[in-house]
Amino acid sequence: MLYAYLAAVALVLFVLGVAKEPRRVSNAVWLGTAALFALLELVVRAHEAPWLKTVLGVAFVVVAMILPVALIANGVVMWRRERHRLRNLLSLLAGAGLAATAVLSLATGPSTNPWLNAPVGSVVFVVAYAAFLFGCFLLYSLVYGRLRRRRGFAAIIVLGAGLANGQVPPLLAARLDRAIRIFRKERHGPLIVVSGGRGPDETRTEADAMREYLVDRGIPADKILTEDQATTTEENLRLATALLPANRRPLVAVTSNYHVFRTAVTARRLGLRLDVAGAPTARYFLPSAFLREFAALVAHYRLTNIAAAGLLALIPWAMLLD
């Protein structure tokens, strides 16, 4: 029952954290920790229930064997359908990394040579740490998307996402369509701020194209404000909110569903009180997109993560001293 008690403690800390400030990254870690301890409790109890052992065995096979193949396949699809950029190869690289770790572990096996076990153990520990963090991020991203208020907004901020030949592509259109739905639910006609500058390969600003898209779909022009300088999420939020009068609260920022949690974390860091709503994204795009968001958060807290990964990598080497 030890793991069950630990899972309960982690779950309580998660609930308290969400009640205090739902935009904290620590909430994701507590939720993931609770899930991990609950899984360990199931593993312990599997000795008493053959059906549970079968379920856990199937789950392990899926994670260890099928998931890497699925990620690699998704990476190939991303490479074919999207622009050939490193960020669109993240799912392929993640799948290859998991496959390489599994092959390395199976190839070395339980060895009596500690000088072989130590480096392999370091790799496995670091990969496990990254996988745990990603699981925390993914799980809480799904939960956080359901925590926001549903109506009563005085202003809507739509984050830009790049143009295609000067026109609004499907990814950005989904964000604008979500903003339109929110706008039409409100009785008092909230303002809509479209935020996005001009990229190096774009002929006009994202904000200009976004404004045109909204007007073409019946949104009154006097309800639309344009912010045409932002090139990052932080700038989107900071510059867009600066355009709004102080009485235009509460606010909601609209972005893609995979981008919701990181947008909320960024807003908290900037001291902005706003909700974040997510727009649907093509399914093939989601694995790489979530990995990209995760990588951005890991990079932001890089010192903490480097320290944690370094300590875990040292554990197998420390065992050589025994």
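Which helix gives the most to the lining of the second largest pocket? The points below lead up to it.

1. This is a predicted model, in which local features need pLDDT of at least 70, side-chain atom pairs count only at pLDDT 80 or more, and totals for chains, interfaces and linings use all residues. Residues are numbered from 1 along each chain as its sequence is written, and side-chain values use heavy atoms, with hydrogens and water left out.

2. The largest pocket holds about 1800 Å³ of space. A pocket here is an open set of points on a 1 Å grid over the protein atoms alone, where a 1.4 Å probe fits, with protein on both sides within 12 Å along at least five of seven lines; lining residues have an atom within 4 Å of a point. Volume means the space filled by probe spheres set on the points, which are joined across faces, edges and corners.

3. Lining the largest pocket are 49 residues, and Val63, Leu98, Val127, Ala131 and Phe132 lie nearest its centre. Elements giving two or more residues to this lining include H2 (25–45), H3 (50–81) and H4 (90–108). H5 supplies the largest share, 15 residues. Helices are DSSP runs (H or I, at least four residues), numbered from the N terminus.

4. By class, this lining has 43 nonpolar, 6 polar and no charged residues. Asp, Glu, Lys and Arg count as charged, Ala, Val, Leu, Ile, Met, Phe, Trp, Tyr, Cys and Pro as nonpolar, and the others, Gly among them, as polar.

5. The second largest pocket has a volume of about 1200 Å³. Of its 44 lining residues, Arg83, Arg87, Ala161, Gly162 and Leu171 lie nearest the centre. The lining divides into 15 nonpolar, 16 polar and 13 charged residues.

6. H6 gives the most to the lining of the second largest pocket, with 4 residues.
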